[in-house]
Number of protein chains: 4
Amino acid sequence: MEDYRTKCIELLESRGVTVNDIADCARFLQADYHVDLKKEELLESVMSVLSKREVQNAIMTGIELDVAAEQGYMKDKDLAKILTRDEGLYGVDEVLAYGICNLYGSIALTNFGFIDKKKYGIIAKLNEDGKDTGTVNTFIDDIVGAIAASAASRFAHRWVK
Amino acid sequence: MEDYRTKCIELLESRGVTVNDIADCARFLQADYHVDLKKEELLESVMSVLSKREVQNAIMTGIELDVAAEQGYMKDKDLAKILTRDEGLYGVDEVLAYGICNLYGSIALTNFGFIDKKKYGIIAKLNEDGKDTGTVNTFIDDIVGAIAASAASRFAHRWVK
Amino acid sequence: MEDYRTKCIELLESRGVTVNDIADCARFLQADYHVDLKKEELLESVMSVLSKREVQNAIMTGIELDVAAEQGYMKDKDLAKILTRDEGLYGVDEVLAYGICNLYGSIALTNFGFIDKKKYGIIAKLNEDGKDTGTVNTFIDDIVGAIAASAASRFAHRWVK
Amino acid sequence: MEDYRTKCIELLESRGVTVNDIADCARFLQADYHVDLKKEELLESVMSVLSKREVQNAIMTGIELDVAAEQGYMKDKDLAKILTRDEGLYGVDEVLAYGICNLYGSIALTNFGFIDKKKYGIIAKLNEDGKDTGTVNTFIDDIVGAIAASAASRFAHRWVK
């Protein structure tokens, strides 16, 4: 689904995230294993992850929810409040993220858990910006983490073959 | 979170689903094992599943998405079209459902797969109504299936103890 | 990992399962959508699923556990008893199966739940044979179901593109 | 299943792991949120996690596999070699771990990914010892991580209520 991929890259950019930012997170996750790895070498994996239909669906759904809470047109006001505060016990954002990582096996899930706690690069920025009252980044930071984790896992599997 | 439970039961009712409908689906899933089981005996399990915060979050999020597509205020028009058609390759609805079932172990997941394909009771009705252009039931049928599958699994575990 | 694939096909055959049996289960899962589909058309998807490293690992691990319980060299006698009886509340076999299905998205998981409850073809036979005291098929029936469910899901995704 | 819990605690001890070691890992995972938290306060959560039948099954199955590879009675010699080396692309150990974490929601999964990469306390020790040719700790380090991650998640959910 090439056309949805282009759409999703634009959606991510509209929320301040470039494919280069995601490749940088993926490189961070592989840094222990390949010191000299360049961000460019992970960009191909990021682009491949973005081609999967399930990934595109997660991106569209997650960003719609962030935007609906942020712009105030979400009908369920309790849910809007939960998303605006990025409440710790709201875990649907992580559930969507696992839906991506699962496609890339158990290493991707472990990678996600690590970068989600560690916060790195664009993920740290999204998280920080999400604390402002005007911005809701509840879903996007997890989705970006999941794409990076999946791209790093895909790279690791290919390296071995 | 008792208060969110009441809210979620009302939300489900606003979409045409009662806790009795869900208990009936759970009974169907247990019927092979306990012929004489009554719906009432499964109602307590349904109510317990509905008390979990993760389940409440999934209900609120899924129904918000169905309603946003149905009432036309969803910003992402591609996503609205996908949800309105309940496209076969859109799987975020099942991802949310698994987020519920996972809490109840592997039997709940198997139960869900069965009732999702078999369609029974209120799930068949939601699915049929969702084919009308005016109604979007993409998330709710899977969420109802997941709650029923989880309640049946919880019941089975307790029976053994 | 071509060489592990050959090994895994031989392992499956040593337990009475051929790739044709698995393709037949995958066809059963797609029959509602494509009436005229032939088993042969799904064989390519089965072979592709069997090439994945995670799938090979699950096959080797599951069959080792079945054989260890069956041949009596399993050290943990409680576990051997649980596997020999194929106890309903032992769910590690399904957990391994989900580890396979997850790689193929949410449709694969739903397919698995359905065929696991419905039992069809070789899965029904494995299940029946496993009731004999001399045979332990606790893991293999779920693994075969997961491979078939994944192959059917892979086929469905490709059909659409 | 109180009796299997006692058995599982003994199994863990036979591999060098105490419930106190696990509580210490759970405390580490909660340290950012509750500075003064004592290990003892998490012990109750660890004991509750160990009461779940699915957790007991994962412990028994994982330790059986480690021991079978370590003591040389595993029939599949390829699998024994993979487990002895703790090969990076073997992920069935993580799959079993997720089977535990899933029962405790998405926070448990994130916790697991973090402690699995970070290695802390007994997990670091198990990992280090597993590098010796004589010791196989492929499954147990992930299972211990999963129990700690689940106990920390359970504690976090209760704290809020």
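Me: How do you know that the span of helix α4 of chain C agrees with its number of residues?
Reply: Helix α4 (residues 53-71) of chain C has 19 residues, which at 1.5 Å a residue should span 27 Å, and its end C-alpha atoms are 27 Å apart, so the two agree. The expected span is 1.5 Å times one less than the number of residues. Helices here are DSSP runs (H or I, at least four residues), numbered from the N terminus. This is a predicted model, where local features need pLDDT of at least 70, side-chain atom pairs count only at pLDDT 80 or more, and totals for chains, interfaces and linings use all residues. Residues are numbered from 1 along each chain as its sequence is written, and chains are lettered from A in the order in which they are written.

Me: What makes α4(C) largely enclosed by the rest of the structure?
Reply: A residue is buried if 20 or more other C-beta atoms, placed from the backbone, lie within 10 Å of its own. In α4(C), 17 of the 19 residues are buried, so this helix is largely enclosed. Just after α4(C), C:G72 takes a positive phi of about 85 degrees.

Me: Why is the relation of chain A to chain B called a two-fold axis?
Reply: A rotation of 180 degrees with 0.0 Å of shift along its axis superposes chain A on chain B (RMSD 0.0 Å). That is the relation of a two-fold axis.

Me: How do you know that the copies meet through the same surface?
Reply: 100% of the interface residues of chain A are also interface residues in chain B, so the surface is the same. Contact means C-beta atoms, placed from the backbone, within 7 Å, and 24 residues of chain A are in contact with 24 residues of chain B. α4(A) gives the most to the side of chain A that touches chain B, with ten residues.

Note on methods. Least-squares fit on C-alpha atoms with pLDDT ≥ 70 in both. Contact = placed C-beta atoms within 7 Å. Helix = DSSP H or I, 4+ residues; strand = E, 2+ residues; numbered from the N terminus. Buried ≥ 20, exposed ≤ 12 C-beta atoms within 10 Å, placed from the backbone.
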